[in-house]
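Q: Could you take me through one part of this one up close? I'd like to know how the pieces sit against each other, and then have a quick look elsewhere for context.

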Amino acid sequence: MGTPRGDRLAGEAPKWSGMLNRLSQVLTECATGKVSGVIRIAGEPGGTVHLADGAVVAIDTPGAPGPEVLLLRSGRVPEPGWAAAFTAAAASGEVGAELVRRELIGAGELEALLRMALADAMFVLAAGELAEYEVDNTPGDCVLPLEPAIGPSWLLAETSRRLAVLASLPTPVEHDRDRWASARGAGPAGLALGSGQETILALANGRRTARDMAFALGRGVYAVTLQLAQMHADGLLVPGARRVVPAQPSDSGHRQAGQDKAQDAVKSADVTAGEQVPPLPRRRRGGTAQPRRGRPAGGPMDRAALLRLLRPGAAGTDEDSM
Amino acid sequence: MIEDALLALLGALRDRVVGITDTALASRDGLIITSDTADIDPDNLAALAAASLGLAQRMSAEAGKGTLREATTRGSGGCVAVYAVGTSALLVVVGDEGLDLGRLHRESRPTVEAIEVVLKRGQSGLGGAGMAAS
């Protein structure tokens, strides 16, 4: 899949190289300085790189599932087992060792998973945007540090390789922008057995990006992105609404830009004279709540119990407003 | 029109902050105004959000912690945050494990303010009609 490594138009820098170069610079400086602490990256998705003596120990980012999500969501480690190990390791802080001791996962497998999570996190950082960063020499909290920690060169090389592979796909997929829906007629019949395509189709509701599906499945973002690209090429998936994210000059600039589209909608909602505007729904004492949009009443909640809970004087609002 | 504006604001928030999976706007007494949800029942979500916001406000007052900023519920699979919108409405935001709550709390502020503006405009249009009816 994709073009051979290093195959690129002469003299043309890939578009991701700017971000990767910046990351490379920061990580190399920290490695030289043997920094023990964190690099806080503000951006999209942004994140925190944990360092010990200049080597990378862990990366937390909203852009990729961390080791805990990878273990739990995939079902590799059951929730009660994790909770017990986490509690038992409270004093020592060594959750990984406790998981291995309880035979919930092998030491080798855990190390491989932690490396994979690191590579995935570095990939989403490098594919994203950086507004600013700061280096803090105070070590941060890290639930599952990779031991021994790894120097940045392998991480950066692997990240560069992954970005090149994705850029060379015939139908490129942006892991944090493109949302996916199942194509009409994409049913179980045409799917490859054991490939996980059914679970992806079940998640493809037009709202989820590759990143979102990775979190839901407990898999890596890069791996899910490749699979989505293939399923799209095979006609199993169609793109939904793209995620619109403002550029990252600064935080205040970011908020400003993000509001523009919404402000237009707000302006267009100006109430003209005589237009009937439905009032905010109000609960009438003794009345029953009307389900909105014809949804079936009830469902798993006991609606009557909820209404009792919300009556003034129960546990509800302090005062009747307006 | 109002609903379009509200849905646009909810959609923009979900775009802006990675990890948000669903959002909803409800009245303070637990009835849904509009929602941007997938598999979550908006009516149940609205009722529970109103209850939890009310409880959280009383808790904050009881513990002497000032004005409530948000009511947050964390689970193993993600979180739910509820924000008051003025005195008559509330915003619910549901997110997965990757949602950065600190960032959400910052990013939701402008959305809450914008929603308030839209709702107020809607209600000022209502004033005449309501008085005429009674």
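A: Helices (H or I, at least four residues) and strands (E, at least two) are DSSP runs, numbered from the N terminus. Keep in mind that this is a predicted model, where local features need pLDDT of at least 70, side-chain atom pairs count only at pLDDT 80 or more, and totals for chains, interfaces and linings use all residues. Residues are numbered from 1 along each chain as its sequence is written, while chains are lettered from A and ligands numbered from 1 in the order in which they are written.

Let's zoom in on the sheet of chain B. Five strands make up this open sheet, in the order 2-1-5-4-3 and with antiparallel pairing (two strands pair if DSSP finds at least two bridges between them). Strand 2 (32–36) and strand 3 (71–75) of chain B sit at the edges with a single partner strand each, so one side of each has no neighbour in the sheet. From one strand to the next, the twist averages 15°.

Inside that order, strand 4 (residues 78–85) and strand 5 (residues 89–95) of chain B are linked by seven bridges in the antiparallel sense.

Helix 2 (residues 42–62) of chain B lies across strand 1 (20–27), strand 2, strand 3, strand 4 and strand 5 of chain B. Against strand 1 of chain B, helix 2 of chain B runs at about 75°. Axes here are lines fitted to C-alpha atoms, for helices over the stretch in contact, and angles run from 0 to 180 degrees between N-to-C directions; two residues are in contact if their C-beta atoms, placed from the backbone, lie within 7 Å.

For context, hop over to chain A. Strand 1 (residues 37–44) and strand 2 (residues 47–52) of chain A run antiparallel, joined by five bridges, and A:Arg40 is opposite A:Thr48 in strand 2 of chain A. These two strands form a hairpin with two residues between them, and A:Gly46 in the turn has a positive phi of about 70°.

Strand 2 of chain A also pairs with strand 3 (residues 55–60) of chain A, antiparallel over five bridges. Here A:His50 has A:Ala58 in strand 3 of chain A as its bridge partner. Strand 2 and strand 3 of chain A form a hairpin with two residues between them, where A:Asp53 in the turn has a positive phi of about 50°.
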